[in-house]
Amino acid sequence: LEKCGKVVIACVHGACIGAGVELISAADIRFCTGDAVFALKEVDIGLAADVGGLQRFPKLVGNQSLVRELVFSGRNFGAVEALPFGLVSRVCPSREDMLKDALELARAIAAKSPVAVLGAKTLLNYSRDHTVDESLEFAITWNQGMLQSRE
């Protein structure tokens, strides 16, 4: 999902457990309803998360103590907790409201230049894993290749 050439908006209502959390961690934008429940439960079945959760989730949350608490304990956490630590960017009152909001946002993004949106997504992903200086150099190179000119 994170390498998809389009912006990916994940919408969660109800339970999002284990690989579900790993999947939405790769999405660009995450919305949920107030009744959403999340958990990284792999430890409860004798596994270490293996499809990106241990690599992406910590970068989303940014708090190693909290990440380790959630991963090691496998405890449930709800939308109220997921919002302030950054797993989701919006908590909606209902499934219908969430889908309406996600579609409105998708339409707004789709109205933008696809080259600019792809560039922004690519540069954000690159910057997450590289230094500021490396990211600036990459941005210059990207823009040189993507900017169209008559020359």
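These legends go with a few close-ups of a predicted model. Local features need pLDDT of at least 70 and side-chain atom pairs count only at pLDDT 80 or more, while totals for chains, interfaces and linings use all residues. Residues are numbered from 1 along each chain as its sequence is written, and side-chain values use heavy atoms, leaving out hydrogens and water.

**View 1. The largest pocket holds about 490 Å³ of space.** A pocket here is an open set of points on a 1 Å grid over the protein atoms alone, where a 1.4 Å probe fits, with protein on both sides within 12 Å along at least five of seven lines; lining residues have an atom within 4 Å of a point. The volume is the space filled by probe spheres set on the points, which are joined across faces, edges and corners. Of the 24 lining residues, Ala27, Asp28, Leu60, Asn125 and Arg128 lie nearest the centre. H6 (114-128) gives the most to this lining, with six residues; helices are DSSP runs of H or I, at least four residues, and strands are runs of E, at least two.

**View 2. The second largest pocket has a volume of about 180 Å³.** Its lining includes Gly5, Lys6, Ile109 and Pro114. Helices H5 (95-110) and H6 each bring at least two residues.

**View 3. An open, parallel sheet runs in the order E1-E3-E6.** Strands pair if DSSP finds at least two bridges between them. E1 (9-12) and E6 (90-92) stand at the edges with a single partner strand each, so one side of each lacks a neighbour in the sheet. Four bridges join E1 to E3, and valine 12 has cysteine 32 as its bridge partner in E3.
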